[in-house]
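Subject: Structure handover

Hello,

Here is the structure for your files. Please open it alongside this note, as the findings follow below.

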Amino acid sequence: MTKPIINICNYNSKWTEQFATERDKIVEILGDKVVRIEHIGSTSIKGLAAKPIIDILLGVQHLDEVSDFVYPLKEIDYEYVPKPEFKDRRFFRKGEWGKGTSHLHICEYDSSQWIEKLLFRDYLRLHPEAAQEYEVLKKVLASEYKYDRHTYTKKKEPFIKTILERAKQGI
C-alpha cells in the first residue's frame, strides 16, 4: 500500500457547493441533533489553496450523544475514526483512505473547540495577507512532508496558535 500524498490544490469554487451538499445530507440524517454546522478549514477560505478535503464543523449540545451518530452517518458514507488525542471533539471521515473527500469534526456548540475553529477561519477570511502566509507555509510543508501528514499537521500548529492569539486580541 502506498502512503497518501499531501496534495495542495489551487482554490476551487466548487468546494462551497460540496460543503452545502454534505451539510444538507448531515442535517437530513441527524435532524434536530445538529445545533449548527459550519464550513471550516482551508477549503472555506475563498482564494486559498488547500488539500481538496471539505472540513465540516458540527455543533451539538452534548458530546456524549455523538456515539448515537455513528450508524446514521455511516448511511451517508461517514466513517467514525476514534482519536483518543481529541478529548473535546469526535472525528468522522468520508472517502477512500488516503483520498478522503470530507472530514467531519463534531464538538459541543460554543465550546473552546467550536470557538477556536471559527476564529481561525474568520480571521483568515478577513485578513488575506495572513491567508497568503498560511498558503505559503502549507505548500512548503507539503513539499517537505509529502508522505507524513502527522508532521505536516504538527508543523502548522505554531502558525495556527499565532493567528488565534491575534484573533483573540483583535489584531
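Is Glu-22 buried or exposed? Glu-22 is buried, at a relative accessible area of 9%. Keep in mind throughout that this is a predicted model.

**Salt bridges**

The total is 11 salt bridges.

Start with Glu-22. Its partner in a salt bridge is Lys-25, with 3.9 Å between the closest N and O atoms. The cut-off for a salt bridge is 4 Å, so the pair counts at that distance. Both residues sit in helix 1, which spans residues 14–30. They are 3 residues apart, so about one helical turn separates them. Lys-25 is partly exposed, with 35% relative accessible area. Glu-22, as said, is buried.

Next, Arg-36 and Glu-38. These two form a salt bridge, and their closest N and O atoms are 2.9 Å apart. Arg-36 is partly exposed at 39% relative accessibility. Glu-38 is buried, with a relative accessible area of 12%. The pair also belongs to a network of salt bridges, in which Arg-36, Glu-38, Arg-121 and Asp-122 are linked.

Then Arg-93 and Glu-79. Their side chains meet in a salt bridge, at 3.5 Å from N to O. Arg-93 is buried, with a relative accessible area of 5%. Glu-79 counts as partly exposed, at 35% relative accessibility.

**Negative patch**

There is a patch of negative charge on the surface. Asp-64, Asp-68, Asp-88 and Glu-108 gather there. Glu-108 lies in strand 5. Its relative accessible area is 32%, which makes Glu-108 partly exposed. Patch members need over 30% relative accessible area, so Glu-108 passes that cut-off.

**Positive phi**

Two aspartates deserve a look in the backbone. Asp-77 has a phi near 75°, a positive value in a residue other than glycine. Where is Asp-77 found? Asp-77 is in the loop between helix 2 (70–75) and strand 3 (78–80). Asp-77 is exposed, with 54% relative accessible area. The cut-off for exposed is over 50%, so Asp-77 falls in that class.

Asp-110 also has a positive phi, near 70°, and again the residue is other than glycine. The loop that holds Asp-110 runs between strand 5 (99–108) and helix 3 (112–126). Asp-110 counts as partly exposed, at 47% relative accessibility.

**Cysteines**

How many disulfides does the count give? The count comes to 0 disulfides. Cys-107 is buried, with a relative accessible area of 1%. Cys-9 is partly exposed, at 24% relative accessibility.

**Where to look in the viewer**

- Helix 1, for Glu-22 and Lys-25.
- The salt-bridge network, including Arg-121 and Asp-122.
- The surface patch of negative charge, including Asp-64 and Asp-88.
- The loop between helix 2 and strand 3, for Asp-77.
- The loop between strand 5 and helix 3, for Asp-110.

Best wishes

Terms used
Residues are numbered from 1 along each chain as its sequence is written. This is a predicted model: local features need pLDDT of at least 70, side-chain atom pairs count only at pLDDT 80 or more; totals for chains, interfaces and linings use all residues. Side-chain values use heavy atoms; hydrogens and water are left out. Helices (H or I, at least four residues) and strands (E, at least two) are DSSP runs, numbered from the N terminus. Buried means under 20% relative accessible area, exposed over 50%, partly exposed in between (1.4 Å probe, protein chains only). Patches are made of residues with over 30% relative accessible area and no salt bridge: like charges are joined within 9 Å, nonpolar side chains (Val, Leu, Ile, Met, Phe, Trp, Tyr) within 5 Å. Accessible areas come from the Shrake-Rupley method with a 1.4 Å probe; for residues, only the protein chains shown count as cover. Lys and Arg count as positive and Asp and Glu as negative; His and the chain ends are not counted. The place of a charge is taken as NZ of Lys, CZ of Arg, CG of Asp or CD of Glu. A disulfide is a pair of cysteine sulfur atoms within 2.5 Å.
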